Amino acid sequence: MTATPPATTPASPDASSTGARPSGKKAPTTAPPQHPIGRIPVQDVRPLVDGGRRPAKSVVDEEFTVTATVFREGHDAVNATVVLTDPVGRELVVPMRCVNEGLNSWVAEVAADAAGWWSYRVEGWSDPYGTWEHDATIKVSADVDTELMLEEGARVLERALDEVTRTPAQAKPLQDAVTGLRDSRRPAQARLHAGTDPHVRAELHARPLRDYVSPTAEHPLLVERERALYGAWYEIFPRSEGAVQDPVTGRWTTGTFRTAQKRLPAIARMGFDVVYLTPIHPIGTTARKGPNNTLHAGPEDPGSPYAIGSPDGGHDAIDPNLGTFEDFDAFVAEAERLGLEVAMDIALQCSPDHPYVTEHPEWFTTRADGTIAYAENPPKKYQDIYPLNFDNDPQGAYAEMRRVIQVWIDHGVKIFRVDNPHTKPVEFWQWIIADVAENHPEVIWLSEAFTKPAMMHTLARVGFQQSYTYYAWRNQKWELEEYCRELAGDAAAYMRPSFWPTTHDILTPYMQFGGPTAWKLRAALAAMLVPTYGIYAGYELVEHVARPGAEEQIDNEKYQFKDRRWADYEPGGPREGQSLAGYLTKLNQIRRDHPALHRLRNLVFHHVDDANIMAFSKRRTLPDGSEDIVIVVANLDPHSTRESTVHLDMPALGFDYHEHFGAHDLITDQSWHWGEHNYVRLGPASEPVHVIAIRRY
């Protein structure tokens, strides 16, 4: 880290072209309500979330681009700098570069190396050396004012030596240049070259002389741990893991934390990072739902875990059928030993039997007939669930929810998947996420808000680190590309998408009728397009049958136990080879091996002639200077094998158009010689997706 070179005070408009020092006199400034624009205008700074009222986001060492429009009057040279300020006040100065002189567009790639609250600003400034270099190159070549231009160059460099702190080694190129510029024994061009020597340029690029420095306001930047951006999730219903049905009586024995714990090694072997538990609290009996969301449950039906609360407790309690807090702690500890984090479902809603109903009736909505309103999402009705109302007693309700969250943090939970946050006040989420972060900045929140874009994006802006998305319903090439460009563009500054091909609530027609090819394809796209993706248990078994009239699985696990008989799919089992577990393992291994896939903003799409074949790439420069580049080509038609030509944007991959490279398919282990235009054949007859690692020749 380096300190920002000191800003010099304003001078006369011609000072920077003559090498004169600024005068120290200040110009009048514009009074409110206008904000002074600054001596060197700096506009359109990005990323900027809600005008700077909310933070842009990144994770530790995540590269992102800062852009700005920087210009000035006249013809003198301008320059720009990004200044990152870390949580303890140290500054990291990053030079910007002009990428479009006509539009005055400046960019810089930056990264923050520690978690916490940072800030960033852009500083526009007049560049005395750049102005002199431009003018002197033209005039000396034309023998116009030659001696004057060379002397002015010497004076600019003397200012650079006097006003910017340098070591003796750093100062030497500038000292040599001053001597060379004033050496009248040498030809004019040789003297000019002394002042424009690459070593001089490099030194002034690193430690420039800056006039009229005009900083923007400080904009907030929240830097979080890597898991906030990157991770592979695996969802389970704990009660199903180890559940057994008696073949004679048909009665079920529930799974528990202890039996679910036995499933963790298999989840870890598949390469997942997070095991996500659906609600684990006591379940109500009033209006309990039966199989397939029927209104009448039998005495053995377990009910929906989203109908939270019974005489055994509420959101701060564990369903006695699953075990005790000791059992839960053992589950979390075993997950941690295996390299897994535990994510917990937070559903702020209650069954009619929840203690809140009698203790705090003001926390619910009462209808005109005196009954409490149950949850509805037309045409779906959830008679077994009462939504919480936060407006009647916000202080009491907020405080209680905060207490509940702390219970689970104290038991080792660092990730919360929030059910339907769009049905609660946005200001509540902003408050509780910030309040938790005060003492537990490691906690991550995933928003499950399948709703309108404004709400989804605002929940991300106010604090949710991750968000479910419309991915499950984006199947065409054009809509996938359009949606992913949105997510990897400006939205990436605050919203981190999580792609799920299916969930316990979602089974689209594409997945119902696409066969195993569709399930491989959609898992691969989810895993490669974005850094965070998730798989619901049973995905590896291609559980594709829907309940009639609904886009969710028949015999839904929300309402009943499910014994998937995992051992049958293991080597030597009667269903060996009938699982996609190996394919998911390969995808997760590819993700771990290729850091380019840990990022979102580096997504680039490439043209393919066939409208059903999509190609994209991710490229990342690693700390050692090497590059990781991955190309993915996918046939989106699960029913047909297709052939086409992929046309690569070679500069986006770091190549010239005439160059070639080694292309190694990480799915099939095949290798090819690729260049700008490449033939592909993909589909159910072979594999639906190429995941290609690039090797430079």
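# Briefing on a predicted single-chain model

Of the contacts in the protein chain with a separation of 6 or more, 74% are between residues 24 or more positions apart; contact means heavy atoms within 4.5 Å. This is a predicted model, in which local features need pLDDT of at least 70, side-chain atom pairs count only at pLDDT 80 or more, and totals for chains, interfaces and linings use all residues. Residues are numbered from 1 along each chain as its sequence is written, and side-chain values use heavy atoms, with hydrogens and water left out.

**Whole chain**

- The protein chain holds 17 helices and 32 strands; these are DSSP runs numbered from the N terminus, helices being H or I with at least four residues and strands E with at least two.
- Along the principal axes, the C-alpha atoms fill a box of roughly 110 × 60 × 40 Å.
- Of the 697 residues, 55% are buried, where buried means under 20% relative accessible area, exposed over 50% and partly exposed in between, with a 1.4 Å probe and protein chains only.
- The chain exposes about 29,800 Å², and carbon and sulfur atoms supply 52% of that area; accessible areas come from the Shrake-Rupley method with a 1.4 Å probe, and for residues only the protein chains shown count as cover.
- There are 69 positive and 96 negative side chains, and the centres of the two sets lie 2 Å apart.
- Lys and Arg count as positive and Asp and Glu as negative, while His and the chain ends are not counted; each charge is placed at NZ of Lys, CZ of Arg, CG of Asp or CD of Glu.

**Helix H2**

- Helix H2 covers residues 128-141, and its end C-alpha atoms are 20 Å apart, which agrees with the 20 Å that its 14 residues should span at 1.5 Å a residue; the expected span is 1.5 Å times one less than the number of residues.
- Among the buried residues of H2 are Trp-132, Glu-133, Ala-136 and Val-140.
- A side-chain oxygen of Asp-127 comes within 3.3 Å of the backbone nitrogen of Tyr-129 at the start of H2.

**Buried positions in strands**

- Asp-345 is in strand E15 (residues 341-346) and counts as buried because its relative accessibility is 0%.
- The side chain of Asp-345 makes a polar contact of 2.6 Å with that of Tyr-276 and another of 2.6 Å with that of Tyr-306.
- A polar contact is a pair of N or O atoms within 3.5 Å; within protein, one must be able to donate a hydrogen and the other to accept it, and residues adjacent in sequence count only if both atoms are side-chain atoms.
- Beyond four places in sequence, the residues that Asp-345 touches include His-281, Arg-417 and Asp-419.
- Val-82 is in strand E4 (residues 78-85) and is buried, with a relative accessible area of 0%.
- Leaving aside neighbours within four places, the contacts of Val-82 include Val-66, Leu-92, Val-94, Met-96, Val-110 and Arg-121.

**Buried positions in loops**

- Ile-385 sits in the loop between strands E18 (380-382) and E19 (386-387) and is buried at 6% relative accessibility.
- Apart from neighbours within four places, Ile-385 contacts Tyr-306, Ala-307, Gln-349, Cys-350, Tyr-374 and Ala-375.
- Thr-502 lies in the loop between strand E23 (497-499) and helix H15 (509-513) and is buried, with a relative accessible area of 2%.
- With neighbours within four places set aside, Thr-502 is in contact with Leu-507, Met-511, Trp-519, Tyr-536 and Tyr-539.
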